[in-house]
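Subject: Handing over the structure

Hi,

Here is the structure I promised to pass on. Have a look at it first, and then read on for what turned up.

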Amino acid sequence: MSDIQSAAEDIHEEFAEHLDIQIEDVANRLDRLVTEYKVPLSEARRSVENHYLEEAGLEREDLSAGSETEVSVADIDQPEEWVSLTAQVVELWEPRSDAVGQVGLLGDASGTIKFTAWAKSDLESLEEGEVYRLDNVVTDEYQGRYSVKLNKTTEIAHLDEEIEVGNNDTTMEGALVDIQSGSGLIKRCPVEDCTRVLQNGRCSEHGDVEGEFDLRIKGVLDDGREVQDVIFDREMTESLTGIDLEEAKQMAQDALDTTVVADEMEDTLLGRYYSVTGPIMGRYLLANEVEELTEAVDPDDVLIRARSM
């Protein structure tokens, strides 16, 4: 069975109670996105599911959780899966949106992961430091970083036990030898819970949208033995470069060109040595902590290595 056919059968099973659809129709939609538009299968699946959600007048959490799996934090490596976790609330953060009821960090012996609980789900509030069994949560992915979402079907059980939370972070020291395409001032899809980076004003899932500006750096660290792709989010990018979002937007407006922001960042950062700490997701080290080191780097050698990539 092909991957497309397998995905089509999964989607058909999800919506069988809500819509009269045929597996062949689902497979055709997936195939068109993957074959004609070169959309990755995971994104094509999400797009097709969203089409049927809209047609049925449903929210994603209205779907049956299906075959739910008990996992540890380190096991989560795919989006849109229904799972169960036993984890401690390591830290709670202040929500940035009225749509979010709670947001923070969950942890077990294998590591930590971000969680979001939607306000409209009206769930029991989690308490920092406490341990919970969480059934019916959905995995998500953003820039290689996985998270879980609590929704109105999520079942929460407080457990009278302790968990020794592990650390899944790694640290790499090296020279920043390249700043890749897609760095600097970018635009993301504004649709709630999407935030994909737009390509020519278009989201791969939601089509033409009016994007929201953001900052990031996709770089390459070289420690002399190996290279590692690394992503710095807006907070880390602003800290490293001294350029905040409003300043970056003004730079682009003055030059009528957004690429000037990435160019300025490259001039500022290329060849400097950093210690970067964070989890590795896929090919990327996701920077949670960054420290500039004092070791000098031969700029000619850096440029030679960067151009050879």
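Predicted model: local features only at pLDDT ≥ 70, side-chain atom pairs only at ≥ 80, totals over all residues.

Residues are numbered from 1 along each chain as its sequence is written, and side-chain values use heavy atoms, with hydrogens and water left out.

**Salt bridges**

A salt bridge here is a side-chain nitrogen of Lys or Arg within 4 Å of a carboxyl oxygen of Asp or Glu. The structure has 12 of them. For the surroundings of each one I use relative accessible area: buried is under 20%, exposed is over 50%, and partly exposed lies in between (1.4 Å probe, protein chains only).

Let me start in helix α4, which covers residues 234-241. Arg234 and Glu238 join their side chains in a salt bridge, at 3.2 Å from N to O. Why can these two meet? They sit four residues apart in α4, so about one helical turn separates them. As background, an α-helix has 3.6 residues a turn, so residues three or four places apart point the same way. Arg234 is partly exposed at 38%, and Glu238 is also partly exposed, at 24%.

Asp140, in strand β5, pairs with Lys149, and their closest N and O atoms are 3.2 Å apart. Is this pair buried or exposed? Asp140 is buried, with a relative accessible area of 10%, and Lys149 is buried at 10% too.

Asp208 is exposed, at 63%, and Arg202 is partly exposed, at 46%. Finally, Asp10, Arg45 and Glu49 are linked in a network of salt bridges.

For helix lengths, the expected span is 1.5 Å times one less than the number of residues. α2 has 14 residues and runs 19 Å from its first C-alpha to its last, close to the expected 20 Å. Its buried residues include Val26, Ala27, Leu30 and Leu33. Seen down the axis, the buried residues of α2 fall within an arc of 130 degrees, so they line one face of the helix; the arc is that of the directions from the helix axis to the C-beta atoms. On the other side of α2, Glu24 and Glu36 are exposed. The buried residues pack against α1 and α3, where contact means heavy atoms within 4.5 Å. Just after α2, Lys38 has a positive phi of about 55 degrees.

α3 (residues 41-56) should span 22 Å with its 16 residues, and its end C-alpha atoms are 22 Å apart, which agrees. Which residues of α3 are buried? They are Ala44, Arg46, Ser47, Val48, Glu49, Tyr52 and Leu53. Glu49, then, is buried and also belongs to the salt-bridge network with Asp10 and Arg45. The buried residues of α3 pack against α1 (3-15), α2 (23-36), β5 (131-142) and β6 (145-159). After the helix comes Gly57, with a positive phi near 65 degrees.

**A loop residue and the cysteines**

Ile243 sits in the loop between α4 and α5 (245-255) and is buried, at 5% relative accessibility. What does Ile243 touch, leaving aside its neighbours within four places in sequence? Its contacts are Leu215, Glu238, Ala248, Met251, Glu264 and Met265. Pro40 is 203 residues from Ile243 along the chain, and their C-alpha atoms are separated by 33 Å.

As for disulfides (a pair of cysteine sulfur atoms within 2.5 Å), the structure holds zero. Cys189 is buried, at 2%, and Cys203 is buried, at 1%.

Cheers

Note on methods. Helix = DSSP H or I, 4+ residues; strand = E, 2+ residues; numbered from the N terminus.
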